[in-house]
Amino acid sequence: MQQIKAWLQTTPYKEYAIAVASADASFRKYYRLSHKNHSVILMDASLEKHSLSPFVNITARLLHVKVKAPKILSQNLSLGYLILEDFGSTNLLDVLKRENFKSLYEKAIDAIIQMQSADTKNLPLYDKKFLHTEMDLMQEWYLEKKLALHVNKEQKRLISSTLEAISGVVLSQPQNIFVHRDFHSRNIMLTSKNELGIIDYQDAMSGALTYDLVSLLKDCYISFERKEIEALALLFARKKGLHVNSEEFLKWFDFMGLQRHIKVLGIFSRLHLRDGKEGYVKDIPLTLRYVIETALRYDETKEFGKLLRKLSPD
């Protein structure tokens with residue numbers, strides 16, 4: 001804090017009061033700087049300085065295509081600090097409910113389509129190797145470490161063949177699309193002007209068409225009826241003008257969801273066990289439900305769904 005205050009003395013914000021705004025799953029912290037009727041956000045990435053250059057880079061790409069990302073007002077990359085436009089403290093999760101989720105999700109779908117026009121040059125590729133590196137976290141951190149299970153050879157073969165089937169469908173859909181990677185309700189802010197402000201995109205990659213759509217519509221922190229989620233997914237397909245039938249598009253969507261949620265089972269378990277972040281444990285049951293329910297829908301993944309249902313606690 002002393003270092004932050006010393007740096008602020010060199011900026012136009014030296015008179016601003018400082019208060020904790022939030023923290024996230026990484027080692028970044030956020031502070032709100034306030035003075036009279038004005039406020040800005042200080043991102044403290046001093047423990048994760050490597051994340052700042054990508055954040056600055058991706059911010060420029062998003063602003064270029066008119067996505068509402070926070071403008072960068074001041075920066076010191078060597079210390080690990082950015083001062084950002086303040087979108088307020090209300091995120092989509094705070095306001096989503098049965099009565100309004102369709103209209104809010106439709107606005108967010110428009111934001112995804114806008115994001116997908118962003119330049120992907122030199123972004124890391126969401127290729128087969130990376131898809132599997134992420135999915136492998138589930139066996140290690142969820143099954144073996146969190147549930148303390150011994151996964152036998154037959155089960156490992158089943159898991160491996162299922163993950164191959166999943167990545168095959170993921171890679172069969174349009175690729176080289178801008179992917180936010182964490183486009184969910186906690187990373188979409190509702191501004192005082194009722195606009196959707198997009199944050200936490202520094203890990204963006206170039207990948208599959210449906211990734212951000214799945215992150216939004218099959219959110220690990222809140223869920224809605226499958227039928228209504230399917231309708232919103234197909235709305236995205238129509239807005240994109242895709243020449244693909246509904247059944248195939250929903251399979252792309254579902255298998256992308258399997259990839260993401262299998263990964264997230266591992267990540268939430270790792271955040272709990274390795275990093276001591278207890279808050280994510282409560283989000284594992286919904287994530288697990290997504291995986292099992294979706295896996296049971298398709299021949300290629302049905303046996304895996306049954307296995308996961310048998311191994312996981314009620």
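Author: **Charged pairs and the helices around them**

Glu 85 and Lys 68 are joined through their side chains by a salt bridge, with 3.7 Å from N to O (a salt bridge being a side-chain nitrogen of Lys or Arg within 4 Å of a carboxyl oxygen of Asp or Glu). Glu 85 belongs to strand β5 (residues 81-85) and Lys 68 to the loop between α2 and β4 (72-76), so the pair ties together parts that are 17 residues apart in sequence. Helices (H or I, at least four residues) and strands (E, at least two) are DSSP runs, numbered from the N terminus.

The model is predicted: local features need pLDDT of at least 70 and side-chain atom pairs count only at pLDDT 80 or more, while totals for chains, interfaces and linings use all residues. Residues are numbered from 1 along each chain as its sequence is written, and side-chain values use heavy atoms, with hydrogens and water left out.

Glu 85 is partly exposed, at a relative accessible area of 21%, and Lys 68 is also partly exposed, at 24%. Here buried means under 20% relative accessible area, exposed over 50%, and partly exposed in between (1.4 Å probe, protein chains only).

In the whole structure, 22 salt bridges are found. Side chains of opposite charge can pair when their charged atoms come close.

One of these pairs is Arg 28 with Glu 48, whose closest N and O atoms are 2.8 Å apart. Arg 28 sits in the loop between β1 (17-23) and β2 (29-35), and Glu 48 in the loop between β3 (38-44) and α2 (52-64), so this pair ties together parts that are 20 residues apart in sequence. Arg 28 and Glu 48 are both buried.

Leu 52, Phe 55, Ile 58, Thr 59, Arg 61 and Leu 62 are the buried residues of α2. Their cover includes β3, β4, β5, α4 and β6 (177-179). After α2 comes Lys 66, with a positive phi near 65°.

The next pair is Glu 228 with Arg 98, a salt bridge of 2.5 Å from N to O. Glu 228 is in helix α8 (residues 226-240) and Arg 98 in the loop between α3 (92-95) and α4, so the two tie together parts that are 130 residues apart in sequence. Glu 228 is buried, with a relative accessible area of 14%, whereas Arg 98 is partly exposed at 46%. Elsewhere, salt bridges that share partners join Lys 218, Arg 226, Glu 230 and Asp 254 into one network.

Neighbours within four places in sequence aside, Glu 228 is in contact with Arg 98, Phe 101 and Lys 102, where contact means heavy atoms within 4.5 Å. Phe 101 is one of the buried residues of α4, along with Leu 104, Tyr 105, Ala 108, Ile 109, Ala 111, Ile 112 and Met 115. Seen down the axis of α4, these buried residues fall within an arc of 160°, so they line one face of the helix (the arc is that of the directions from the helix axis to the C-beta atoms). An α-helix has 3.6 residues a turn, so residues three or four places apart point the same way. α4 has 15 residues and reaches 20 Å from its first C-alpha to its last, close to the 21 Å expected at 1.5 Å a residue.

Gln 116 lies in the loop between α4 (101-115) and α5 (128-146). This glutamine, Gln 116, is buried, with a relative accessible area of 10%. Its side chain reaches the backbone oxygen of Leu 209 at 3.0 Å. Neighbours within four places in sequence aside, Gln 116 is in contact with Ile 177, Phe 178, Leu 209, Phe 236 and Lys 240.

Methods. Polar contact = N/O pair within 3.5 Å; in protein donor to acceptor, adjacent residues only side chain to side chain. Expected span 1.5 Å × (residues − 1).
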